Amino acid sequence: MLAPESLSLAQARRIALAAQGFADPAPTGAATRRHLRRVLDRVGLIQMDSVNVLQRAHYLPLYSRLGPYPTTLLDTAAYRRPRELFEYWGHEASLVPVGLHPALRWRMARAQAEAWGGMRRIAAEQPALVAWVRDEVAARGPLTVAEIEHDAPRESGNWGWNWSAVKQALEYLFWAGEVCAAQRTTSFARRYDLPERVLPAEVLDAPTPTDAQAYRTLVGIAARSLGVAAEPELRDYFRLPVAGARQAIADLVEAGELRPVAVQGWRQPAWLHAQARLPRWVRGNTLVSPFDPLVWERARTERLFDFSYRIEIYVPAPQRVYGYYVLPFRQGERFTARVDLKADRKAGVLLVPAAWVEPGAHPGETAVALAAELYRLAGWLGLDAVAPPVAGDLAAPLAAALLGVAGVR
């Protein structure tokens, strides 16, 4: 076993931010496919979520790293040929580089055992319906759930979570890799099609690795994207099984790709990726999505940044502490505030239900930086104004700062 080297918490923080792409220079002009690929190389995959109170979740990590960019850049990479990304279960529902399809086939092969309960029940109890749904996709795809449901056998019935049996069958087939998301409609519904009509032939023809090889690949990507991390975070990045992830870490240590490190204040052992960079500083201000890989693993976020963060979308309104859709605000190497945001697209206004300053941050300086970022975000979203905050201990300084930004626009 290699003797662990030591990192201060500040060093670990800079390594993590650099690994995630926050130390990379912003585009000097319009963002291009090259910039997109650079971000994807940093983060490994992009989580998706259906909540659209501000902006679809998968668009925000690119914004946090590139600034305002055309969302068509990501749409084209995911849903147009030559396709570079495909939808699958990576961290959660994710956009994943197509080259990782072979490394995720172990998950596809375990659909019957590991897919959610409703999907498993449909596969076990109504195999004829599942086969019929796949045949419909093969014959008429790409199709939405609604387009298939219209012609579904009447005996298909309904299952929990308000998902029809057709939806459950499609989600099972999606988990098993037998159908793919070919497109998304304007309402964000998937259009399903067969993999051979969606993914590049060279990807489908690539050999399937062993489970152990796949775990090494995925842990390696997680380690590179995190820079420095403990075992739970390396495992959580692609939601890997415990034993498989531990063996992969051991293999990567033996190969020299990972090195054991002791991070100041961390109780558990940590691992440093061989390509990790330690910049002298990390600058820039940006909002970070609740679904950004920088903050996926909340315990790591707290250890690295002394920032306790929970998303409160699913918390009853009276019990929320900070708000419904709260984004952390990063200033350089720290999170200095958090802000609840909502896009009022009809009125053309970015609403700020609440804004909060973090302990140790200077409210005035933070408010000025956050105000500039809120107007930048509003411009990217096609909104004309930013409303003054309604609540929170940063509300008054931020309201004043927003007036200042508005006055010079």
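**Figure 1. Valine 261 stands opposite alanine 270 of strand S9.** This view, like those that follow, shows a predicted model. Strand S8 (residues 258-263) and strand S9 (residues 270-273) are joined by 4 bridges and run antiparallel. Strands of a sheet pair through backbone hydrogen bonds, in either a parallel or an antiparallel way.

**Figure 2. An open sheet of 4 strands, in the order S1-S8-S9-S7, has mixed pairing.** Strand S1 (5-7) and strand S7 (228-230) are the edge strands, and each of them pairs on one side only. From one strand to the next, the twist averages 45°. Helix H1 (residues 9-19) packs on this sheet and touches S1, S7, S8 and S9. The direction of H1 makes about 85° with that of S1.

**Figure 3. Glycine 265 lies in the loop between S8 and S9.** The relative accessible area of glycine 265 is 73%, so this residue is exposed. Glycine 265 and serine 8 are 257 residues apart in sequence, but their C-alpha atoms are 8.5 Å apart in space.

**Figure 4. Five residues of helix H2 (residues 33-43) are buried: His35, Leu36, Val39, Leu40 and Val43.** They cover an arc of only 140° around the axis and therefore sit on the same side of H2. The elements that the buried residues of H2 pack against are strand S2 (46-47), helix H3 (60-66), helix H4 (72-79), strand S3 (85-89) and H12. After H2 comes glycine 44, which has a positive phi near 85°.

**Figure 5. Helix H12 (residues 211-226) and helix H14 (residues 242-254) cross at roughly 75°, with their axes coming within 9 Å.** Angles from 65 to 115 degrees count as roughly perpendicular, and H12 and H14 are therefore roughly perpendicular to each other. On the H12 side, the contact is made by Tyr215, Arg216, Val219 and Gly220. On the H14 side, the contact is made by Gly244, Ala245, Ala248, Ile249, Asp251 and Leu252. Sorted by class, the residues of this contact are 6 nonpolar, 2 polar and 2 charged.

**Figure 6. Aspartate 236 belongs to helix H13 (residues 231-236).** Is aspartate 236 buried or exposed? Its relative accessibility is 18%, so aspartate 236 counts as buried; the cut-off for buried is under 20%. Leaving aside residues up to four places away in sequence, aspartate 236 touches His91 and Glu297.

**Figure 7. Strand S5 (residues 180-184) and strand S6 (residues 190-193) run antiparallel and are joined by 4 bridges.** Glutamine 183 has arginine 191 as its bridge partner in S6. The hairpin of S5 and S6 has 5 residues between the strands, and phenylalanine 188 takes a positive phi near 75° in this hairpin.

**Figure 8. Strand S12 (residues 334-344) pairs with strand S13 (residues 349-357) in the antiparallel sense over 7 bridges.** Which residue of S13 is the bridge partner of arginine 338? The partner is tryptophan 356. With 4 residues between its strands, the hairpin of S12 and S13 includes glycine 348, whose phi is positive and near 75°.

**Figure 9. Strand S13 is joined to strand S14 (residues 385-386) by 2 bridges, and the two run parallel.** Opposite valine 349 stands alanine 385 in S14.

Technical notes. Residues numbered from 1 in each chain as written. Predicted model: local features only at pLDDT ≥ 70, side-chain atom pairs only at ≥ 80, totals over all residues. Heavy atoms only, no water. Axes fitted to C-alpha atoms, helices over the stretch in contact; angles between N-to-C directions. Parallel < 35°, antiparallel > 145°, perpendicular 65-115°, else oblique. Contact = heavy atoms within 4.5 Å. Nonpolar A, V, L, I, M, F, W, Y, C, P; charged D, E, K, R; others polar. Buried < 20%, exposed > 50% of the residue type's maximum accessible area, 1.4 Å probe, protein only. Arc of directions from axis to C-beta. Pairing = 2+ DSSP bridges.
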